[in-house]
Amino acid sequence: MNEVIRVLENRKSVRGYKPELIPEADLNQIAEAGLHAPSGMNRQSAKLVVITDPSIMKQLSEMNCRIMGGEKDPFYGAQEMILVLADKTAPTYVYDGALVMGNLLNAAYALGYGACWIHRAKEEFESEEGKELLKKWGIEGEWEGIGHCIIGYPVDPIPAPVPIKEGRIIRV
């Protein structure tokens, strides 16, 4: 089987991470793969923020938790992530950011790591606290949080593929 197809068919979300950080070179390679995602008219409207600072991870976890209305760590113990933001002035920004997220998830799996798309980035970065973080990071303009790609060494083996629902391909 083609290696790319194997990755696409076998990648699953991971919801439990060991405390070890993955090598910086691998994290950079995953981020770079995200930048190669297709985008509307090749505008490349997405921006990636690689986060390994424990204090920022904690702050984002707390923000996300407040939005979610829960108390459990929404990042499942992951120690690092790649935050995807998209330029709201591009007509296809949400789709562009979603494609970047897909590339990140697949690249992480291809390199042997677990990853998961965590939502509520939109609400985080619409808040005053989120806008202050963007300003602190030197990110100016109209940006929307698309998602957090948490990445790390899985606590448990990556789940096996689930059966695909029947009837989802229509031929006409």
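My entries on salt bridges and the sheet follow.

**Ground rules.** I am working with a predicted model, where local features need pLDDT of at least 70 and side-chain atom pairs count only at pLDDT 80 or more, while totals for chains, interfaces and linings use all residues. Residues are numbered from 1 along each chain as its sequence is written, and side-chain values use heavy atoms, with hydrogens and water left out.

**Entry 1: charged pairs.** How many salt bridges does the structure hold? I got 5. The term stands for a side-chain nitrogen of Lys or Arg within 4 Å of a carboxyl oxygen of Asp or Glu. The general idea I noted is that side chains of opposite charge can pair when their charged atoms come close.

**Entry 2: E62 and K58.** I looked up this salt bridge and found 2.5 Å between the closest N and O atoms. Why are the two about one helical turn apart? Because they sit 4 residues apart in helix 3 (residues 54–68). Helices here are DSSP runs of H or I with at least four residues, strands are E runs of at least two, and both are numbered from the N terminus. E62 is partly exposed at 36% relative accessible area, and K58 is exposed at 51%. For the cut-offs, I wrote down that buried means under 20%, exposed over 50%, and partly exposed in between (1.4 Å probe, protein chains only).

**Entry 3: R66 and E129.** This salt bridge has an N to O distance of 2.6 Å. R66 belongs to helix 3 and E129 to helix 6 (residues 128–136), so the pair ties together parts 63 residues apart in sequence. R66 is exposed at 55%, and E129 is partly exposed at 30%.

**Entry 4: E128 and K131.** I found another salt bridge here, with the closest N and O atoms 3.9 Å apart. E128 comes out exposed at 56%; K131 is partly exposed at 41%.

Entry 5: I then looked up an open sheet of 4 strands, in the order 1-2-4-3, with antiparallel pairing. Two strands pair if DSSP finds at least two bridges between them. Which strands are at the edges? They are strand 1 (46–51) and strand 3 (114–118), each pairing on one side only. Strand 1 and strand 2 (residues 80–87) run antiparallel and are joined by 6 bridges. L48 has V84 in strand 2 as its bridge partner.
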